[in-house]
Amino acid sequence: MKLLRSFGLIALLALTLLPAALRAAEKPNPGWERMKSLVGEWDGVYQGKAPVHVSYKIVSKGTTLMEIMSSSEEPDMVSMYTPDGGRLLMTHYCSEANQPRLRAEATPAEPKKISFGFVDASGLATPAAGHMHHLEVVFKDPDHFSQEWTHRADGKDMTSTFDYTRRR
């Protein structure tokens, strides 16, 4: 009986510690850590003139970063960022009624820039239909960053820049 009780205790201990051991064995994802540093409220300008606001919040038990972009010129748009091993995935819920998915490959420690490239999209009427095709996030310092969004339509790209300052 003592042997059975000891075995049960060891099994319970192993099951309790296994998830923590597995998390510790995961490789770090510097891009994900860098994106999480954006949590908070940011004010900015689009193309150097139009005011824009963006907020970041960690959701889904710490597995997803939610971005909400607001301006007086466009309806709010949401993007969701998630780690995928050493990479990052992003889904942009666009005002064009499509949802492009973009991926950033593994980044070095303390990345200054993260580049997301187009993977696929739902809600895209045709491959030539307008959609966000690329995003580059540039980290300037803890209180400043920029985004360069590339929109593709009919095979032509147009890049727009957003510059942000952390709201105090």
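How many strands does the closed barrel have, and in which order do they run? The barrel has ten strands and runs 1-2-3-4-5-6-7-8-9-10, with antiparallel pairing. The views below show parts of this predicted model.

View 1. The ten strands are paired in the antiparallel sense. Direction ignored, neighbouring strands of this sheet are turned by 25 degrees against each other on average. In general, strands of a sheet pair through backbone hydrogen bonds, either parallel or antiparallel. The average pLDDT of the chain is 89, and 85% of the residues score at least 70. Residues 20–24 have a pLDDT below 50, and this stretch has zero contacts in the model beyond near neighbours in sequence.

View 2. Strand 1 covers residues 40–46 and is joined to strand 2, residues 50–59, by seven bridges. The two strands run antiparallel. Within this pair, Gly-44 has Val-52 of strand 2 as its bridge partner. Strand 1 is also joined to strand 10, residues 156–166, by five bridges, again with the strands antiparallel. In that pairing Tyr-46 stands opposite Phe-162 of strand 10.

View 3. Most residues other than glycine have a negative phi. Gln-47 has a positive phi near 55 degrees and is not a glycine. Gln-47 lies in the loop between strand 1 and strand 2, a hairpin with three residues between the strands. With a relative accessible area of 38%, Gln-47 is partly exposed. Ala-97, also a residue other than glycine, has a positive phi of about 65 degrees. The loop that holds Ala-97 is between strand 5 (87–93) and strand 6 (99–104). Ala-97 counts as exposed because its relative accessibility is 56%, and the cut-off for exposed is over 50%.

**View 4. The largest nonpolar core and Leu-135.** This core has 24 residues. Met-35, Tyr-56, Tyr-81, Phe-116, Leu-135, Phe-145 and Tyr-164 touch the most other members. Strand 8, residues 131–141, gives the most to this core, with four residues. In soluble globular proteins, nonpolar side chains tend to be buried together.

**View 5. The pairing of strand 7 with strand 8.** Strand 7, residues 113–122, pairs with strand 8 over five bridges in the antiparallel sense. Across this pair, Ile-114 stands opposite Val-137 of strand 8.

**View 6. His-133 in strand 8.** Is His-133 buried or exposed? His-133 is found in strand 8 and counts as buried because its relative accessibility is 18%, where the cut-off for buried is under 20%. The side chain of His-133 makes a polar contact of 2.9 Å with the side chain of His-131. Apart from neighbours within four places in sequence, His-133 is in contact with Leu-102, Phe-116, Gly-117, Phe-118, Thr-150 and Arg-152.

How values were computed
Residues numbered from 1 in each chain as written. Predicted model: local features only at pLDDT ≥ 70, side-chain atom pairs only at ≥ 80, totals over all residues. Heavy atoms only, no water. Pairing = 2+ DSSP bridges. Core = buried A, V, L, I, M, F, W, Y, C linked by side-chain atoms within 4.5 Å. Buried < 20%, exposed > 50% of the residue type's maximum accessible area, 1.4 Å probe, protein only. Axes fitted to C-alpha atoms, helices over the stretch in contact; angles between N-to-C directions. pLDDT = per-residue confidence, 0-100. Contact = heavy atoms within 4.5 Å. Polar contact = N/O pair within 3.5 Å; in protein donor to acceptor, adjacent residues only side chain to side chain.
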